[in-house]
Amino acid sequence: MPHLDATGLGRDLGDQATFVQFSSTVCAPCRATRALLADVTAARPGVVHIEVDAETRLDLVERFGIMRTPTVLLLDSDGLVRRRIVGAPRKAEVLDALDEAIHAA
């Protein structure tokens, strides 16, 4: 599985999990995804949301094969990608993925 660490993101990863959201400034679903992930992470200590501008981080876009925004990579506490969500996710999908990632670590 691909690995991403704090050095590559410029921010510390969460102790339990990290949502890495690839976004574009003109993407309406990206704004909805940002709000959803902010809500989910606010209620979960140890879970972090990092938003990455896909246009300025082409290195990560290429490395992780990002073809569309929003795309969310869910990392476990070690920075391993546990789930990829393409398009605006539903809250239930985000919570299921998060629980799975935390229990897999």
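I began with Ala 54, which sits in the loop between strand S2 (47-53) and H3. For helices I use DSSP runs of H or I with at least four residues, for strands runs of E with at least two, numbered from the N terminus. A note on my source: this is a predicted model, where local features need pLDDT of at least 70, side-chain atom pairs count only at pLDDT 80 or more, and totals for chains, interfaces and linings use all residues. Residues are numbered from 1 along each chain as its sequence is written, and side-chain values use heavy atoms, with hydrogens and water left out.

**Entry 1: Ala 54**

Is Ala 54 buried or exposed? I found it buried, with a relative accessible area of 12%. My cut-offs are under 20% relative accessible area for buried, over 50% for exposed, and partly exposed in between, with a 1.4 Å probe and protein chains only. Setting aside neighbours within four places in sequence, I see Ala 54 in contact with Ser 23, Val 61 and Thr 69; contact means heavy atoms within 4.5 Å. Ser 23 is 31 residues away from Ala 54 in sequence, yet their C-alpha atoms are 5.5 Å apart.

**Entry 2: the cis bond**

The peptide bond from Thr 69 to Pro 70 is cis, with omega near -5°. As a reminder to myself, most peptide bonds are trans. Pro 70 belongs to the loop between helix H3 (58-63) and strand S3 (71-76).

**Entry 3: the segment before H1**

I looked up two residues here. Pro 2 lies in the segment before helix H1 (6-9), and Leu 4 is in the segment before H1 too. Pro 2 is partly exposed, at 42% relative accessible area, while Leu 4 counts as buried at 0%.

What does Pro 2 touch, not counting residues up to four places away in sequence? I list Phe 64, Gly 79, Leu 80 and Val 81. With that same exclusion, the contacts of Leu 4 are Leu 9, Leu 13, Val 20, Leu 60, Arg 63, Phe 64, Leu 75 and Gly 79.

**Entry 4: the disulfide**

How many disulfides does the structure hold? I count 1, taking a disulfide as a pair of cysteine sulfur atoms within 2.5 Å. Cys 27 and Cys 30 form it, with their sulfur atoms 2.4 Å apart. The torsion about their S-S bond is about 85°, so I note the disulfide as right-handed. Cys 27 is buried at 7% relative accessibility, and Cys 30 is buried at 0%.

**Entry 5: H2 against H4**

Helix H2 (residues 28-42) packs on helix H4 (residues 91-104) at an angle of about 45°, their axes 11 Å apart. That makes H2 oblique to H4. Axes are lines fitted to C-alpha atoms, for helices over the stretch in contact, and angles run from 0 to 180 degrees between N-to-C directions. Under 35 degrees is roughly parallel, over 145 roughly antiparallel, 65 to 115 roughly perpendicular, and the rest oblique.

Which residues meet? From H2 I have Leu 36, Leu 37, Asp 39 and Val 40, and from H4 Lys 91, Val 94, Leu 95 and Leu 98.

**Entry 6: Asp 96**

Also in helix H4 is Asp 96, which is exposed at 51% relative accessible area.
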